[in-house]
Structures are given as structure tokens and as C-alpha cells.
Amino acid sequence: MSFFGSSLLPPPTRELDSLLEAFGGLLDKSCPVRPKHRAAIPAGVRQLSAYLTTDRDEMPRDYMSRPDLLNAYLRWFLPWNLYRQGRLLQGLDLDIPAGSRIVDLGAGPMTFLLSLWMSRPHLRERALEYIALDRAEPALQAGRNLFSGLTGPEKSPWTVRTERAMAGHGRLPRADLLVAANFLNELESSVRTRRRGLPESGEPDEDPGGGGLERVLLNRWEKQVTATGALLLIEPGTRPAGRQLSRIREAAIDRGWTAAAPCPHAADCPLPGTSGGAWCHFTFATDRAPRWLEYLARKVRLPKERTSLAFLLLTRPKSPIKIRPTPVTKPGEGVALVVSEPFDLPDQKRGRYGCSEKGMVLLEGKPGDGVEGPHPGERLVVRWPDQERRDLKSGALILSRSVPPTNPSGPPSRGRK
Ligand SMILES: C[S@@+](CC[C@H](N)C(=O)[O-])C[C@H]1O[C@@H](n2cnc3c(N)ncnc32)[C@H](O)[C@@H]1O
């Protein structure tokens, strides 16, 4: 093996696996659907899927308040988001100190709260405060029901509050960790709607220094996040989302934030997704998704072999919110973060792209060299070559091995399958 890494998106642990598997039953118990509405779920899923992807401009603003679309969200998008976010929070090894307040913008059915509880068991005994903000009360209510079903009758030390509010309006609760998951793309689409002269949906519209939506959002978030706080943005793995996160990263670094993850460096983003170029996102297999969700995927005729996300964790100096540290390197070494699936290269070689302080890298090897091994989201320690070779197509620095880890920490237990 020539490539060794530790993943930011590892397969679910045995416990996360079984909680996701049990989530179908929890949904039926906590958010029951009348039999006459059950048959409409597949059509609702297909409709909402179109709204959230290709037909975004047609999406009704109150989709999370309409029973058919909310049901579709709860039974399809929510569990997929739990699968993605659960893997991410586990891979980040996210640690939040007791007494912290988490504010979730566009929380919907409190997806982040549910993911955090499922994937970070060591936090369950800590006193954490969580505030969910959303314009759709029915989604928040569903989240409250699901969370109390998940934690069971024992009183959780987590304080959970919900506020029905439009983002960008009213008071801004202070946050040690501000979260926005699958939310920025909705603000983007409402900006487009407003430009077309249609009613706006409450997104911020002040842009004092110019510089677009990203700077407006950062201005607001900077007031909201405490001096040692952090900001976690999670979006679908699409090019527009990757571009937007890259722009936010750049503006935030200029203002003194640290791009703690996924970035292995603070240099310019080599994957800004501009001019048709590569963008930062991570795809992974769905083979560890719960069986009931695989069954539903076949039923709604939306089979999924891969899923993806883009994310950005920004921290302020001395933040007590911790994640798995970037691997330690020696002089002459650096960290490369794998960002692509493997692809064919000339001479029967295979390659994967990665991100590093030296820009994009191409991890290249012959089948059997282990280049198939490191998946998107894995961080590898690499030795910079004495003689640089560059990929003609992308200009990426070519690397043909990584440094074996000094204290290997195995992947979490793989559970079923
Ligand atoms: C795609 S859902 C994401 C829900 C959840 N964060 C997740 O990851 O599953 C987007 C949520 O943002 C809410 N939302 C969209 N625009 C909003 C706004 N301007 N103010 C408040 N909430 C908004 C919607 O009601 C919806 O619940």
C-alpha cells in the first residue's frame, strides 16, 4: 500500500448504524402518517426532490409547512441528511464543551440536533443548549417529537428550544456553535426570486461594504458567534454550493477566522469551482444507509449509489470547540485531502485529486499501489517530491505515495455488511 489516510467521512459506527436503522420506526411513531396519506409519500418525495434540485425557483416558500411535502422531507431528505451529517460529525470527531449554546439556522426538523445525538455519544451527558430557528413551525414540531422519541423517557441534559423566525430578521441569539445545514442554497434561490421581481422570503438584504451575499452573511454571523465560537456550514455537494463555501472561506480568513475543516491549509482554495473547474465536495457510498431507506429509494424510483456533501467549519481564535487535529507532519511533508473518486490515467495508472497547501495534487498509482484506497475526505501525510512533476491537464502536483501514519488509528467499527 502506498496511500494511507484518516477519514473525515468514515462509515458509520455500529451504534450510528443501528440508530439510523431504527429511525424508520421512530418516524412512524413520532410523526405518524394517516393511511390515506401514506400512499402519497413516493409522489411527494419525487416532487420535493425536483423542487430542491432542478425546480428550485418554483418551490413553494412554505414547503416545510405543507403536510405532503413535510412528510416527504421527513421520510426521505431527513434520513439522508442524518446519514451524511452523522458520518461527518463522527469523522470530524466534533467535541463541544458543556455549557455551549448551538444555534441552528433553517433547522427544519432539527436534523443537526438528531445527528449530533446519534453520532457523538460522549456529548449526551453534557449540558448543551440548542436553539433551532426556522420559518416553518410544523418542521420544528416534528423535530421536537423526533428528539424526545430518540432520547426516550429519561430527561436529557440538553436544553432544546425552537423559534419560529425568518433568518435575518429579529434578534440574533448568541452562539458558541452556529450551524446552517442545507440552508444557504435556499437563501441563494430566494435572492434569485427577488431579482425576478417576485416576493422575497426574508433573506438579509443589507450589503454595506458590497461583496455579495457571502459578506452580508459573514457580517451577521460575526455579530452572532461568540469571540471563541465556531461556524459550521453543510451543503449538498453541488458546484454552486462548493463555490459559495469557497467564497465564504476566503472572506472569513481575511477577517481572522480559521478554516478548520475540511481545509488542510490556510492558503488560497485550489478548488473554488470557478470557470468550470473542480470544486470542493465529498462523495461517498450509500451502502451503509439504512435498509428501509434503500427500500424506499427503489419504491420512489430515486436509486442512489453515491451521495455527497460540501462543508466548511470556521473557528475563531482559541475556540474550545475541537475536532480531530490535522495530521502532524515533519519538515518536507504536508497534508493532502482526497477530494475525488479514482479515474484512469495513461499507462494503466489510476489517480485521485487532492487538496494541499501546494494547490491541487494528483495522487497517482498503478492498481495495487493503494491509490483506489483513500476515499474522498481522507487526509494523507505526503512528502513533497524533490523534483516536481505536474499533471498536464490540471496542473496538479503529482504524488505517488503517502507517509505511513506514525500512530495509526483504525477506522470506526464497521458493524453490519
Ligand atoms: C432544506 S431544509 C434544511 C433543514 C435542515 N437544516 C436539514 O439539514 O435537514 C431548509 C430549511 O430552511 C428553512 N428556511 C428557508 N428559508 C428560511 C428563512 N428565510 N428563514 C427561516 N427559515 C428558512 C426552511 O423552512 C427549511 O426548514
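Author: Helices (H or I, at least four residues) and strands (E, at least two) are DSSP runs, numbered from the N terminus. The model is predicted: local features need pLDDT of at least 70 and side-chain atom pairs count only at pLDDT 80 or more, while totals for chains, interfaces and linings use all residues. Residues are numbered from 1 along each chain as its sequence is written, and side-chain values use heavy atoms, with hydrogens and water left out.

Reader: Where does K318 lie?

Author: K318 is in the loop between strand 9 and strand 10 (333-338).

Reader: What makes K318 count as exposed?

Author: Exposed means over 50% relative accessible area, buried under 20%, and partly exposed in between (1.4 Å probe, protein chains only). The value for K318 is 78%, so K318 counts as exposed.

Reader: What is said about phi of K318?

Author: Phi of K318 is near 60°, a positive value in a residue other than glycine. Most residues other than glycine have a negative phi, and most peptide bonds are trans. D93 also has a phi near 60°; D93 sits in the loop between helix 4 and strand 2 (101-105).

Reader: Which peptide bond is cis?

Author: The bond from A261 to P262 is cis, with omega near 5°. P262 is placed in the loop between strand 7 (258-261) and strand 8.

Reader: How do you know that E364 is buried?

Author: E364 has 10% relative accessibility, which is under 20%, so it counts as buried. E364 belongs to strand 13 (residues 359-365).

Reader: What makes the link between E364 and K349 a polar contact?

Author: A polar contact is a pair of N or O atoms within 3.5 Å; within protein, one must be able to donate a hydrogen and the other to accept it, and residues adjacent in sequence count only if both atoms are side-chain atoms. The side chains of E364 and K349 are joined at 3.4 Å, so the distance meets the cut-off.

Reader: Is Q244 buried or exposed?

Author: At 2% relative accessibility, Q244 counts as buried. Q244 lies in helix 9 (residues 239-254), and its side chain makes a polar contact of 3.5 Å with the side chain of E214.

Reader: How many aromatic pairs does the structure hold?

Author: The structure holds 7 aromatic pairs. One of them is formed by F147 and W158, with 5.9 Å centre to centre and 15° between the planes.

Reader: What makes the pair of F282 and F311 tilted?

Author: The ring centres of F282 and F311 are 5.7 Å apart and the planes are at 45°, so the pair is tilted. F282 in strand 8 (residues 282-285) and F311 in strand 9 (residues 306-315) are 29 residues apart, and the pair links distant parts of the chain. Both F282 and F311 are buried.

Reader: What makes K304 count as a charge over the ring of W80?

Author: A charge sits over a ring if NZ of Lys or CZ of Arg is within 6 Å of the ring centre and within 35 degrees of the ring normal. The charged end of K304 sits over the ring of W80, 5.2 Å from its centre. Ring pairs also link W80 with W76, Y83 and F284 into a cluster. R124 lies over the face of W117, at 4.0 Å from the ring centre.

Terms used
Rings of Phe, Tyr and Trp (its six-membered ring) pair if their centres lie within 6.5 Å; planes under 30 degrees apart count as stacked, over 60 as edge-to-face and the rest as tilted.
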